[in-house]
Amino acid sequence: MNGGVCGLYILKRFFTMILTIWVIATLTFVIMKLIPGDPFASDADVLPQEVLENIRANYNLDKPIPVQYVLYLKSLVTLDLGPSIQSKTRTVNDIIASGFPASATLGLQSIVIALIFGLLLGIIAALNHNRFLDYTAMVIAIIGISIPSFILAPLLIKFFAVKWGILPVASWGTWQHTILPSIALATTPLAVVARFMRSSMIDVMNQNYIKTADAKGLTTTKLVFKHGIRNAILPVVTFIGPLFVSLITGTFVIEKIFAIPGIGRYFVDSIFNRDYPVIMGTTVFFSVILVVTLFLIDISYRLIDPRIKLTSKGD
């Protein structure tokens, strides 16, 4: 592949990524402004009007909306998301910095569990198509998809923490505290990955080039690992981007159940308290993670399968 064409494509995708982030940030700002009232409406009866005006001025709420929008974009570009309305002594940056590591740890562990066991389950099912192991793997996948994480989490707590006392719960500090919430969070994506991999692997293993390689005497192990998995994993790679962000941002309920000090707690509280800076800051923060992840995955296709050309239709 021509290096210049590849570089041009990456540059185009980069600018598309920046444009997408700007659109998301703008929509977030507009939605916040469409909500009637302001975060201090409940204080109107207990605080003097002069005090309320000073507070609104501190958060730039007294300025025209276009000016607020420009200041908002400036805060995003300079990575200074401003002070939290609810937490008087903390900024949005502080909240993200303190809560995101726990959420990221939980999300990343869940991704590893989902990918390793999901891929393994899908490969086993595909190589034993229409046999006992295939049916067993798909039953496990269906159960995983059918049981939501907020249902599975209390069951894990009941048996592994309360009844058997194997693992700790309702705290955060050691790697043992991450096991149960990670399993609860990973079960559904694990099942989805298994189904993706099974379907893709069955399709790949029935391709003519696989049959030709088999006829030439290539061992089953080489067929599976050298040709089968490498080509079958592409649909799963496409799924990793949304999966990555959904697991990190989808930890909100699990964080509540297991009392994990993640960013989800702050995000949920900010919605109830109408803490606009936190809502907008965390929304854009997670959007950036999603868009950047999708960008990197798009570029990684070429590394996984060199036959894929990083060019658009017009190139």
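Me: What share of the contacts in the protein chain between residues at least 6 apart in sequence joins residues at least 24 apart?
Reply: In this predicted model, 74% of those contacts join residues at least 24 apart in sequence, where a contact means that heavy atoms lie within 4.5 Å.

Me: What makes up the fold of the protein chain, and how many helices and strands does the chain have?
Reply: The protein chain has 13 helices and 0 strands, and from the N terminus on the order of its elements is α-α-α-α-α-α-α-α-α-α-α-α-α. Of its 315 residues, 40% count as buried, and the chain exposes about 17100 Å², of which carbon and sulfur atoms supply 69%.

Me: Why is Ser-110 called buried?
Reply: The word buried is used for a relative accessible area under 20%, and because Ser-110 has 0% relative accessibility, Ser-110 counts as buried. This serine lies in helix 4, which covers residues 92-127.

Me: Which residues does Ser-110 touch, if those up to four places away in sequence are not counted?
Reply: Ser-110 touches Ser-182, Leu-185, Ala-186 and Leu-247. Another residue to look at is Pro-189, which is 79 residues from Ser-110 in sequence, while the two C-alpha atoms are 8.7 Å apart in space.

Me: How do you know that the side chain of Ser-110 makes a polar contact with the backbone oxygen of Leu-106?
Reply: A polar atom of the Ser-110 side chain lies 2.7 Å from the backbone oxygen of Leu-106, and the cut-off for a pair of N or O atoms is 3.5 Å, so the pair is within the limit.

Me: What makes the pair of Asp-134 and Arg-198 a salt bridge?
Reply: The closest N and O atoms of Asp-134 and Arg-198 are 2.7 Å apart, and a salt bridge needs a side-chain nitrogen of Lys or Arg within 4 Å of a carboxyl oxygen of Asp or Glu, so this pair qualifies. Asp-134 lies in helix 5 (residues 132-146) and Arg-198 in helix 7 (residues 176-205), so the pair ties together parts that are 64 residues apart in sequence. In general, side chains of opposite charge can pair when their charged atoms come close.

Me: Are the two partners, Asp-134 and Arg-198, buried or exposed?
Reply: Asp-134 has 1% relative accessibility and counts as buried, and Arg-198, with a relative accessible area of 17%, is buried too, because the limit for that word is under 20%.

Me: How many salt bridges does a search of the whole structure find, and which residue forms one with Lys-63?
Reply: The search finds 2 salt bridges, and Lys-63 forms one with Asp-62, with the closest N and O atoms 4.0 Å apart. Lys-63 is partly exposed at a relative accessible area of 31%, and Asp-62 is partly exposed at 49%, because partly exposed is the term for values between the 20% of buried and the 50% of exposed.

Me: Where is Ala-259 placed, and what is its phi?
Reply: Ala-259 is in the loop between helix 11 (252-257) and helix 12 (263-273), and its phi is positive, about 55°, although Ala-259 is not a glycine. With a relative accessible area of 44%, Ala-259 is partly exposed.

Me: Why can Ile-124 be part of a nonpolar patch on the surface?
Reply: Patch residues need over 30% relative accessible area, and because Ile-124 has 31% relative accessibility, Ile-124 passes that limit and counts as partly exposed. The patch is formed by Val-112, Ile-116, Phe-117, Leu-120, Ile-124, Phe-132 and Leu-133, with about 690 Å² of accessible area together. Helix 4 gives the largest share, 5 residues, and helix 4 and helix 5 each supply at least two.

Me: How do you know that Glu-255 is buried, and which side chain is joined to that of Glu-255 by a polar contact?
Reply: Glu-255, placed in helix 11, has 2% relative accessibility and therefore counts as buried. A polar contact of 2.5 Å joins its side chain to that of Ser-103.

Notes. Residues numbered from 1 in each chain as written. Predicted model: local features only at pLDDT ≥ 70, side-chain atom pairs only at ≥ 80, totals over all residues. Heavy atoms only, no water. Helix = DSSP H or I, 4+ residues; strand = E, 2+ residues; numbered from the N terminus. Buried < 20%, exposed > 50% of the residue type's maximum accessible area, 1.4 Å probe, protein only. Areas by Shrake-Rupley, 256 points an atom, 1.4 Å probe, with all protein chains shown as cover. Polar contact = N/O pair within 3.5 Å; in protein donor to acceptor, adjacent residues only side chain to side chain. Patch = residues over 30% accessible without salt bridge, like charges linked within 9 Å, V, L, I, M, F, W, Y side chains within 5 Å.
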